[in-house]
Amino acid sequence: MNQAPPALDIVDETFLVVPPSTVAAAFADPRSWSRYWPDLVLEVYTDRGDEGLRWTVRGALIGTMEVWLEPVLDGTLLHYFLRATPAGPDGEPLGLAPRELRREFDRRARAAKAIALGLKEVLEDGREPGVGPRAD
(Lines give C-alpha, C1' and ligand atoms only; values in the text may rest on other atoms or scores of the structure.)
Protein backbone atom coordinates (compact mmCIF):
# COMPACT_ATOMS: atom_id res chain seq x y z
CA MET A 1 0.00 0.00 0.00
CA ASN A 2 1.45 3.37 -1.01
CA GLN A 3 1.44 6.15 1.53
CA ALA A 4 0.41 9.62 0.31
CA PRO A 5 3.15 12.25 0.32
CA PRO A 6 2.97 14.79 3.14
CA ALA A 7 0.57 17.66 2.49
CA LEU A 8 3.09 20.17 3.93
CA ASP A 9 6.74 20.29 2.87
CA ILE A 10 8.31 23.33 4.52
CA VAL A 11 11.99 24.24 4.22
CA ASP A 12 13.64 27.25 5.86
CA GLU A 13 17.22 28.46 6.35
CA THR A 14 18.52 31.17 8.67
CA PHE A 15 22.14 32.16 9.33
CA LEU A 16 23.14 32.74 12.97
CA VAL A 17 26.55 34.10 13.92
CA VAL A 18 27.11 31.62 16.73
CA PRO A 19 28.69 28.14 16.74
CA PRO A 20 26.48 25.12 16.00
CA SER A 21 26.87 23.95 19.61
CA THR A 22 25.15 27.15 20.80
CA VAL A 23 22.19 26.61 18.47
CA ALA A 24 22.05 22.89 19.35
CA ALA A 25 21.75 23.81 23.04
CA ALA A 26 18.57 25.78 22.23
CA PHE A 27 16.93 22.57 20.97
CA ALA A 28 18.54 20.08 23.40
CA ASP A 29 15.98 20.32 26.20
CA PRO A 30 12.71 18.55 25.26
CA ARG A 31 10.83 21.04 27.47
CA SER A 32 11.75 23.81 24.99
CA TRP A 33 9.99 21.99 22.15
CA SER A 34 6.54 22.76 23.56
CA ARG A 35 7.42 26.47 23.47
CA TYR A 36 8.42 26.29 19.82
CA TRP A 37 5.72 23.83 18.69
CA PRO A 38 2.91 23.86 21.30
CA ASP A 39 0.47 21.73 19.29
CA LEU A 40 2.96 19.02 18.35
CA VAL A 41 4.23 15.92 20.15
CA LEU A 42 7.82 15.22 19.13
CA GLU A 43 9.88 12.08 19.50
CA VAL A 44 13.57 12.12 18.58
CA TYR A 45 14.56 9.42 16.13
CA THR A 46 18.03 10.83 15.36
CA ASP A 47 20.08 13.01 17.72
CA ARG A 48 23.09 14.29 15.80
CA GLY A 49 24.46 16.44 18.62
CA ASP A 50 25.82 19.72 17.28
CA GLU A 51 24.46 18.83 13.83
CA GLY A 52 20.82 18.84 14.98
CA LEU A 53 17.82 16.63 15.62
CA ARG A 54 15.24 14.64 13.69
CA TRP A 55 11.79 13.99 15.13
CA THR A 56 8.62 12.12 14.37
CA VAL A 57 5.64 14.43 14.73
CA ARG A 58 2.18 13.73 16.14
CA GLY A 59 -0.61 15.96 17.39
CA ALA A 60 -1.89 18.65 15.02
CA LEU A 61 0.40 17.19 12.33
CA ILE A 62 1.61 13.70 11.44
CA GLY A 63 5.05 13.35 9.87
CA THR A 64 8.68 14.27 10.45
CA MET A 65 10.64 17.38 11.33
CA GLU A 66 14.35 18.15 11.29
CA VAL A 67 16.70 20.86 12.47
CA TRP A 68 20.07 20.53 10.73
CA LEU A 69 22.88 22.79 11.98
CA GLU A 70 25.52 23.37 9.34
CA PRO A 71 28.77 25.17 10.27
CA VAL A 72 29.27 28.01 7.77
CA LEU A 73 31.99 30.68 8.00
CA ASP A 74 31.82 32.16 11.52
CA GLY A 75 28.38 30.80 12.37
CA THR A 76 25.65 28.28 11.72
CA LEU A 77 23.16 27.83 8.94
CA LEU A 78 20.00 26.60 10.65
CA HIS A 79 18.09 24.39 8.21
CA TYR A 80 14.51 23.53 9.15
CA PHE A 81 12.46 20.83 7.44
CA LEU A 82 8.85 19.93 8.18
CA ARG A 83 7.21 17.18 6.17
CA ALA A 84 3.80 16.46 7.61
CA THR A 85 0.06 16.30 7.08
CA PRO A 86 -2.55 18.07 9.24
CA ALA A 87 -4.31 15.66 11.57
CA GLY A 88 -7.65 15.62 13.35
CA PRO A 89 -8.27 14.95 17.06
CA ASP A 90 -8.29 11.22 16.28
CA GLY A 91 -4.74 11.44 14.89
CA GLU A 92 -5.91 10.63 11.38
CA PRO A 93 -4.94 12.83 8.39
CA LEU A 94 -7.33 15.66 7.60
CA GLY A 95 -8.42 16.24 4.03
CA LEU A 96 -8.11 20.02 3.86
CA ALA A 97 -9.28 22.06 0.91
CA PRO A 98 -6.43 23.64 -1.10
CA ARG A 99 -7.14 27.08 0.37
CA GLU A 100 -7.07 25.74 3.96
CA LEU A 101 -3.90 23.78 3.22
CA ARG A 102 -2.22 26.94 1.85
CA ARG A 103 -3.19 28.83 5.02
CA GLU A 104 -1.72 26.05 7.16
CA PHE A 105 1.46 26.04 5.06
CA ASP A 106 1.84 29.82 5.45
CA ARG A 107 1.16 29.66 9.19
CA ARG A 108 3.72 26.91 9.74
CA ALA A 109 6.34 28.58 7.51
CA ARG A 110 5.95 31.91 9.34
CA ALA A 111 6.16 30.14 12.71
CA ALA A 112 9.40 28.41 11.63
CA LYS A 113 10.94 31.73 10.59
CA ALA A 114 9.80 33.37 13.85
CA ILE A 115 11.54 30.62 15.85
CA ALA A 116 14.77 31.05 13.86
CA LEU A 117 14.74 34.85 14.08
CA GLY A 118 13.94 34.68 17.80
CA LEU A 119 16.94 32.42 18.34
CA LYS A 120 19.07 34.73 16.21
CA GLU A 121 18.11 37.71 18.37
CA VAL A 122 18.74 35.93 21.66
CA LEU A 123 21.84 33.91 20.73
CA GLU A 124 23.64 36.67 18.86
CA ASP A 125 23.01 38.88 21.91
CA GLY A 126 23.00 42.28 20.18
CA ARG A 127 25.92 41.56 17.83
CA GLU A 128 26.22 44.33 15.26
CA PRO A 129 26.22 43.34 11.58
CA GLY A 130 29.73 42.69 10.30
CA VAL A 131 31.10 41.88 13.74
CA GLY A 132 32.16 38.33 14.51
CA PRO A 133 30.59 36.16 17.20
CA ARG A 134 31.28 36.99 20.80
CA ALA A 135 33.84 34.87 22.59
CA ASP A 136 32.23 32.68 25.27
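W37 is buried, with a relative accessible area of 6%, where buried means under 20% relative accessible area, exposed means over 50% and partly exposed lies in between (1.4 Å probe, protein chains only). This is a predicted model, in which local features need pLDDT of at least 70 and side-chain atom pairs count only at pLDDT 80 or more, while totals for chains, interfaces and linings use all residues. Residues are numbered from 1 along each chain as its sequence is written, and side-chain values use heavy atoms, with hydrogens and water left out.

**Aromatic rings**

- The structure holds six aromatic pairs, a pair being two rings of Phe, Tyr or Trp (its six-membered ring) with centres within 6.5 Å, called stacked if the planes are under 30 degrees apart, edge-to-face if over 60 and tilted for the rest.
- The rings of F27 and W37 are stacked, because their centres lie 6.2 Å apart and their planes are at 20 degrees.
- F27 belongs to helix α1 and W37 to the loop between α2 (30-36) and β2, so this pair ties together parts that are ten residues apart in sequence; helices (H or I, at least four residues) and strands (E, at least two) are DSSP runs numbered from the N terminus.
- Like W37, which is buried, F27 counts as buried, at 3% relative accessibility.
- One aromatic cluster is formed by F27, W33, Y36, W37, W55 and Y80.
- R35 lies over the face of Y36, at 5.7 Å from the ring centre, where a charge sits over a ring if NZ of Lys or CZ of Arg is within 6 Å of the ring centre and within 35 degrees of the ring normal.

**The sheet and the helices across it**

- Five strands make an open sheet in the order β1-β5-β4-β3-β2, with antiparallel pairing, and two strands count as paired if DSSP finds at least two bridges between them.
- The edge strands of this sheet, β1 (8-16) and β2 (40-47), each pair on one side only.
- Neighbouring strands of the sheet are turned by 20 degrees against each other on average, direction ignored; axes are lines fitted to C-alpha atoms, for helices over the stretch in contact, and angles run from 0 to 180 degrees between N-to-C directions.
- Seven bridges join β2 to the antiparallel strand β3 (residues 52-59), and V44 stands opposite W55 in β3.
- Helix α1 (residues 20-28) lies across β1, β3, β4 (61-72) and β5 (75-86), running at about 155 degrees to β4, with contact meaning heavy atoms within 4.5 Å.
- Helix α3 (residues 98-124) lies across β1, β2, β4 and β5, and runs at about 20 degrees to β1.

**Salt bridges**

- A search of the whole structure finds eleven salt bridges, each being a side-chain nitrogen of Lys or Arg within 4 Å of a carboxyl oxygen of Asp or Glu.
- R102 and D106 form one of them, with the closest N and O atoms 3.0 Å apart, and both residues lie in helix α3, four residues apart, about one turn of the helix.
- R102 counts as partly exposed at 48% relative accessibility, and D106 counts as partly exposed at 28%.
- E104 and R107 meet in a salt bridge (3.1 Å, N to O); E104 is buried, with a relative accessible area of 14%, whereas R107 is partly exposed at 44% relative accessibility.
- R108 also forms a salt bridge with E104, the closest N and O atoms being 2.8 Å apart, and both R108 and E104 are buried.
- D39, E104, R107 and R108 are linked in a network of salt bridges.
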